[in-house]
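Please find below a note prepared for a colleague who wishes to go through this structure point by point.

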Amino acid sequence: MGIFSGTRPANLGYSAGKFASPTWKPNMVSSTAEQNDKHHIDPLPFTGPASTAWKKLREIVASSKRASIITDNEFYLCAEFSSGLFGFVDDVEFAIDEKASVIHARSSSRLGIDDLGVNRKRIETIRRELLEG
């Protein structure tokens, strides 16, 4: 990894229906943040079997440019996405909630303060791809 990759945060993961809480920085989004929080993004809905949606999500992430899957199990996926020019790394997490028919998502920059909306755009792009699939 490059000089701007930063260190993988110790607070990654999904527990008790939540990802790590947002910080004050505007460089992340999370579907488990409070609805009125500026970091909130809606979870990714799916219809049909959860296993089919989860498989499609894995395919989308695995085929994304500059993405590396770090953790992949039946209910949680964590990947690192790096930027093209400087190699800044964003940690992107997904957790499936089969009962609610949604996939929760969190995307957060490791370094810097403002991401210019990159993390929100990434999750919205994945949402579109998942719905098309």
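Predicted model: local features only at pLDDT ≥ 70, side-chain atom pairs only at ≥ 80, totals over all residues.

The numbered points below treat the pocket, selected residues, the core and the backbone in turn.

1. The largest pocket. The largest pocket holds about 410 Å³ of space. Its lining comprises 23 residues, and those closest to the pocket centre are F81, S83, D90, V118 and R122. By class, eight of the lining residues are nonpolar, seven are polar and eight are charged.

2. Elements around the pocket. Which elements supply at least two residues each to the lining of the largest pocket? They are the strands β4 (76-82) and β5 (89-97) and the helix α2 (118-132). The greatest contribution to this lining is that of α2, which provides five residues.

3. D90. This residue belongs to strand β5 and is among the residues closest to the centre of the largest pocket. Is D90 buried or exposed? Its relative accessible area is 8%, under the 20% limit, so D90 counts as buried. Its side chain forms a polar contact of 3.0 Å with the side chain of S109. Beyond four places in sequence, D90 touches A79, E80, F81, S108, S109, R110, V118, N119 and R122.

4. S107. Strand β6 (102-109) contains S107. With a relative accessibility of 0%, S107 is classed as buried. A polar contact of 2.5 Å links its side chain to that of N119. When neighbours within four places in sequence are set aside, the contacts of S107 are N27, M28, V29, D91, V92, N119, R122 and I123. The C-alpha atoms of S107 and E74 are 19 Å apart, with a sequence separation of 33 residues.

5. The nonpolar core. The largest nonpolar core has 22 residues, of which L44, W54, L57, V61, F94, I103 and I123 touch the most other members. At least two residues of this core come from each of α1 (50-62), β4, β5, β6 and α2. Helix α1 gives the most, with six residues. I123, one of the members with the most core contacts, is also in contact with S107.

6. F4. The segment before β1 (28-30) contains F4. F4 is partly exposed, at 31% relative accessibility. Apart from residues up to four places away in sequence, F4 touches F86, G87, F88, V89 and L111. Between F4 and R106 the C-alpha distance is 20 Å, and the two residues are 102 apart in sequence.

7. Positive phi values. A16, in the segment before β1, has a phi near 55°. L116, in the loop between β6 and α2, has a phi near 60°. A16 is exposed, with a relative accessible area of 80%, and L116 is likewise exposed, at 69%.

Technical notes. Residues numbered from 1 in each chain as written. Heavy atoms only, no water. 1 Å grid on protein atoms, 1.4 Å probe; cavity = no way out; pocket = protein on both sides within 12 Å on 5 of 7 lines; lining within 4 Å. Points joined across faces, edges and corners; volume = space filled by probe spheres on them. Helix = DSSP H or I, 4+ residues; strand = E, 2+ residues; numbered from the N terminus. Nonpolar A, V, L, I, M, F, W, Y, C, P; charged D, E, K, R; others polar. Buried < 20%, exposed > 50% of the residue type's maximum accessible area, 1.4 Å probe, protein only. Polar contact = N/O pair within 3.5 Å; in protein donor to acceptor, adjacent residues only side chain to side chain. Contact = heavy atoms within 4.5 Å. Core = buried A, V, L, I, M, F, W, Y, C linked by side-chain atoms within 4.5 Å.
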